Every structure is written in structure tokens, then in C-alpha cells.
Amino acid sequence: MKAVILARVSTVKQEKEGLSLEDMQLPTLRDYAASKDIEVVKEFVFSESADLKIRSKYQEMIDYVKSAPEIKAIVAFRVDRITRNFRDHHLADELMRDFDKEFHFVQDRLVINKNTTGRDITDWDTKVYLGKQYINRLREDGLNTANYKLLNGEFPGKGPWGYDNVSLDRRRKWIEPNPEKAPVVKYMYEKYAAGGVSILGLQAKVKDEFGIEVTKSTIDRILKKKFYHGIMEFNDHKYPHKYETLVSKELYEQAQKQLKSSNPKEVGGVRKSGGKDFLYKGLIRCDVCGCMLTGDIKKNKYVY
């Protein structure tokens, strides 16, 4: 019988604590295959979560087995290495029912195929259900942890550009200004809020002043991020945070006014060029400030 091996961990913690790919899963699966006279054609070894997201590596294994009639089995460490959600359960059932494959779960001492009935199929369904509930608990625990941190003024994720995520000790994490990038954020806000400079011009000034290349899209996100003046945004909600702020709320709001006034399509609800197709429209920028130059009509007939 020809087969593939599937070995998976979903977290770094699993790799270190009991489900190591190289130290635990692969040796066990290879020994099992040898003892059952199973020829291993290919090994799928990866780190990937089994939540509701479509797992690309798992799908790769499914597609490979479907395309290879000579492959008759998938050998895995436990049921939860194959599936912890109903989508993966359906894919596994399809492999057995429509492609005549079978699964060998070594630690569970369970072999199932399209002819499996009774206690074994109940065991398979139960383990899939328990795996799904485990994922649900992890997701719920994650949301509870996030809500606790947010209500405590802490952000449950990576800080924005200009900040570093650091460990204060084994249990406490913190977000603090990056000594090189934080001054750049302050500089961006001060220059942009003062007016007279576009995002493109600000990009050039940052490179000249700090020797740092920052994309226009990153600058735009920085200038709109409330985190810098003390407000976290998470799942469409806003929370005050306890971290060191980089700009004042007043400076942030002034930057928002500049962003709104520099919108190339609208200023006060009216198109800046009046919708007219001037010669060289959208092609010329000022070499000093980086602002786009556009035409203007005087006395209803002279174009400047």
C-alpha cells in the first residue's frame, strides 16, 4: 500500500511541548508505516492552524492525494492533526467516499475508510466534534483576553509603525516607542499639520532628514492612526490606552484637517479642477513641496 504522511503543528508551543514534528510525529509515523508495510510516497510537514481559515498546506495534501490513484492512505498522528473543523471533516469524508482513501491515526489507534461502521466511525465523529469545540474555546479565550487587555488600556496585538512590542517579564508584555522611528512619526505630524507639504513631499523630507524610506501608503496610515494620540481601535470600537503617546490630540486633528483639504477629488464637496480636463492634468508636481499642479481658469477664458 502506498501512502502519504501528514504531520502538523498549529503553534510554536505545540512544537516545543509534546507534538514536535521532528522528535515526535515524524519518527512515530515512519515507524508505523514500516511496521504495516506501507510505502510512504510523500510527507506533508507544516505548521498551520486548523481554524475556520482555509489551510493552504492541508488543501495541497488533499489535492495531491486526489490526483494520485495509487495513494491509498493518509497516515497522521491523531485525528486533530487532520481536522478540527467541519470543512476539513467533509474533505476527509470525500476522500474516503469518492476516492477510496483511508486514514490511519496512529496515536488514536484508529483506521477508517468508506466501509467503516459502528464504534470506529462514532469515535471518528466524536474526535472531530471535540476538536471543533477546542478551536471554539481557543477563539473565545482569545476574545476574552483581548477584551480584558483593551478595558485595561492595553492593545492585544502589534503596535503601529513607530512602536515596539516588548516583554517586561515572563507574563507582562508592553508597547513602547521605537527610539529611531518614534521621532519620525512626530516629525511627520508636525510637518504635515503645518501645511504646505503633500504626502509625496513628506516622504522626500523624511528620507532627507532621517535617511529612512517610508512608502506613501504607510505615511497615509500613520497620519490617520489614532493610536499615536492615545486611542486604540479594535473591531470597530475605540479604547484609550496607557502607552506613551507620540503626538497630541490637537496635532492629530490638525493633520486630519490637512488630509481632508488635500483630497485631490474634493475640497468642501467641490472638485478642485471643476471636472475640466486641463492640459497636463495630473502629470506635474512641484519639485519643492511635491503638490500636484492643476489648471485654473481666469475671466472664464484664460487658463493658468
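**Note on salt bridges in the predicted model**

1. Lys224 and Asp220 lie four residues apart in helix H9 (residues 216-224), which means that about one helical turn separates them; helices here are DSSP runs of H or I with at least four residues, numbered from the N terminus. The two residues form a salt bridge in which the closest N and O atoms are 3.1 Å apart, where a salt bridge is a side-chain nitrogen of Lys or Arg within 4 Å of a carboxyl oxygen of Asp or Glu.

2. This is a predicted model, in which local features need pLDDT of at least 70 and side-chain atom pairs count only at pLDDT 80 or more, while totals for chains, interfaces and linings use all residues. Residues are numbered from 1 along each chain as its sequence is written, and side-chain values use heavy atoms, with hydrogens and water left out.

3. On accessibility, Lys224 is partly exposed at 43% relative accessibility, and Asp220 is partly exposed at 23%; the term buried applies under 20% relative accessible area, exposed over 50%, and partly exposed in between, with a 1.4 Å probe and protein chains only.

4. Arg78, Asp80 and Arg81 are linked in a network of salt bridges. Asp80 pairs with Arg78, with the closest N and O atoms 3.0 Å apart, and the side chains of Asp80 and Arg81 also meet in a salt bridge, at 3.0 Å from N to O.

5. Under the stated rule, the count comes to 10 salt bridges.

Methods
Helices (H or I, at least four residues) and strands (E, at least two) are DSSP runs, numbered from the N terminus.
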